[in-house]
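Reader: I'm new to this one, so please show it to me and let me ask about the labels as we go.

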Amino acid sequence: GTIIYYGGLGATDDSLRNTVILNPQWLIDVFKKIITIADIDNEWVALRPYWENLDDNGILDEPLLDHMWNSIISQKSTLIALMEKFDLMCEKLPPKQKSILPYRSFYIPARMKVPNKKIFIPHSESDIIFHIIFDGFLPDGLFNRLSVRAVKWSQDQGSSEPKLYHRVVRFYIDD
């Protein structure tokens, strides 16, 4: 088999240094709890707003994550680090002008919905719009990874909150 180690010299994150996954299928099953569509009808009523936020906006709030990973909650920080390392999620930083929430939220690009109408995101005259059109060829997994990287970069620059939809991302380079 192959061993992949994420804690070597030059690693920017120490959370994966002492992590060994002996059963890759277990890891896939854990990730599937977040990425695949779940039926929210039978879920605990108190979590319904969080389920709806994930289902409608592709944003996973930490209380729902804790519920989904309840049986493996001790591994939560490592699993989040792995999902971020694989570009399956990125933390949604609060906008500069808003107060900090009592919990974290994460963008999950694989859960973004196709908008039910043509997307119109208003912009000002000072906005520079840059489109990349792949003529129908760009695997969803690659697009999702590019989305995560673009959103992380945009947030690191201190820009406005990005807008994400299925196969559409609008991020800001500068305020």
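This is a predicted model: local features need pLDDT of at least 70, side-chain atom pairs count only at pLDDT 80 or more; totals for chains, interfaces and linings use all residues.

Reader: What elements make up the chain?
Author: There are five helices and five strands, in the order α-α-β-α-α-β-β-α-β-β from the N terminus. Both kinds are DSSP runs numbered from the N terminus: helices are H or I with at least four residues, strands are E with at least two.

Reader: Why is the pair F31 and F86 called edge-to-face?
Author: Rings of Phe, Tyr and Trp (its six-membered ring) pair if their centres lie within 6.5 Å, and planes under 30 degrees apart count as stacked, over 60 as edge-to-face and the rest as tilted. The centres of F31 and F86 are 6.1 Å apart and their planes sit at 75°, so the pair is edge-to-face. F31 belongs to helix α1 (residues 24–35) and F86 to the loop between α4 (76–85) and β2 (90–91), 55 residues apart.

Reader: What makes F31 buried?
Author: Buried means under 20% relative accessible area, exposed over 50%, and partly exposed in between (1.4 Å probe, protein chains only). F31 has 8%, so it counts as buried. F86 has 28%, so F86 is partly exposed.

Reader: Which tyrosines form an aromatic pair?
Author: Y50 and Y103 do, edge-to-face, with 5.8 Å centre to centre and 90° between the planes. Y50 is in helix α2 (residues 48–57), and Y103 is in the loop between β2 and β3 (105–107). With a relative accessible area of 25%, Y103 is partly exposed.

Reader: How do you know that D87 is buried?
Author: Its relative accessibility is 3%, so D87 counts as buried. D87 lies in the loop between α4 and β2.

Reader: What joins the side chains of D87 and R145?
Author: A polar contact of 3.2 Å. The term covers a pair of N or O atoms within 3.5 Å; within protein, one must be able to donate a hydrogen and the other to accept it, and residues adjacent in sequence count only if both atoms are side-chain atoms.

Conventions:
Residues are numbered from 1 along each chain as its sequence is written. Side-chain values use heavy atoms; hydrogens and water are left out.
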